[in-house]
Amino acid sequence: MSLRDRKKERTRRAIADAALRLFAERGFEAVTIADIAAAAEVGTRTLHRYYSSKDELLFAEDDEHRAELTRLLTERPAGEDPEATLAAVIGPMVAHFADRLDELRTRDALIAANPALQARDLAKRGAIEALLTVHLADQMGVDPAADVRPLLWAKVGMSCFFAGYEIWLRTGGELADHVTAARTALVTELGAAGRD
């Protein structure tokens, strides 16, 4: 990364950190773009070069996450088992979030308190599921509009991730352990239901 790129990344991070701090102190609605710019010691025009809107500050990594997910999926071998694919893409997601517990607790609380932000968060999750569904359907050689299996695998895989993630936000510990526990619990419950 060049010196110029490192400087841009520091500025982007300073703006996002200032925004999260102000949102936590005052509430999302009470904070203006001008407040954030002042706290980050940049002009509002500079802020808008990095973030198009206030809510973008809470979802700034969405495009990066989708790009990374797309990259990871394109690297998977043809015909791979859906469970192996999901494990391969969920691992890097866990690693990305694992050392950011306090920041993500704050972010989650802000989203939970604002219906518009909740809708944006659900849309983000839906976009991730859609990417996974299309890839898994291609791997299975089926039409995702007619065969439920790719969508089911995508939803179950992401549900295990987000269930573990939510427990991690509440209790701490290791994110990877909570995601693994969610998957294990699902397999155990399905096995128990099948025996009933």
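In this predicted model, helix α8 makes the greatest contribution to a nonpolar surface patch, giving three residues. The patch covers about 420 Å² and is formed by Val-148, Leu-152, Val-156, Leu-186 and Leu-190. Two elements, α8 and α9, each give two or more residues to the nonpolar patch. Leu-186 sits in helix α9. Its relative accessibility is 30%, so Leu-186 counts as partly exposed; the partly exposed class lies between under 20% for buried and over 50% for exposed.

Pockets were examined next. The largest pocket holds about 580 Å³ of space. Its lining comprises 34 residues. Glu-61, His-65, His-96, Phe-97 and Arg-100 lie nearest the centre of this pocket. Several helices supply at least two lining residues each: α1 (3-26), α4 (62-74), α5 (82-97), α6 (101-112), α7 (115-140) and α8 (148-171). By residue class, the lining of the largest pocket divides into 19 nonpolar, 13 charged and two polar residues.

The second largest pocket has a volume of about 360 Å³. It is lined by 17 residues. Those nearest its centre are Glu-83, Leu-86, Gly-157, Cys-160 and Arg-183. Helices α5, α8 and α9 (175-195) each give two or more residues to this lining. The largest share, seven residues, comes from α9. The lining of the second largest pocket consists of 12 nonpolar, three polar and two charged residues.

How values were computed:
Residues numbered from 1 in each chain as written. Predicted model: local features only at pLDDT ≥ 70, side-chain atom pairs only at ≥ 80, totals over all residues. Heavy atoms only, no water. 1 Å grid on protein atoms, 1.4 Å probe; cavity = no way out; pocket = protein on both sides within 12 Å on 5 of 7 lines; lining within 4 Å. Points joined across faces, edges and corners; volume = space filled by probe spheres on them. Helix = DSSP H or I, 4+ residues; strand = E, 2+ residues; numbered from the N terminus. Nonpolar A, V, L, I, M, F, W, Y, C, P; charged D, E, K, R; others polar. Patch = residues over 30% accessible without salt bridge, like charges linked within 9 Å, V, L, I, M, F, W, Y side chains within 5 Å. Areas by Shrake-Rupley, 256 points an atom, 1.4 Å probe, with all protein chains shown as cover. Salt bridge = Lys/Arg side-chain N within 4 Å of Asp/Glu carboxyl O. Buried < 20%, exposed > 50% of the residue type's maximum accessible area, 1.4 Å probe, protein only.
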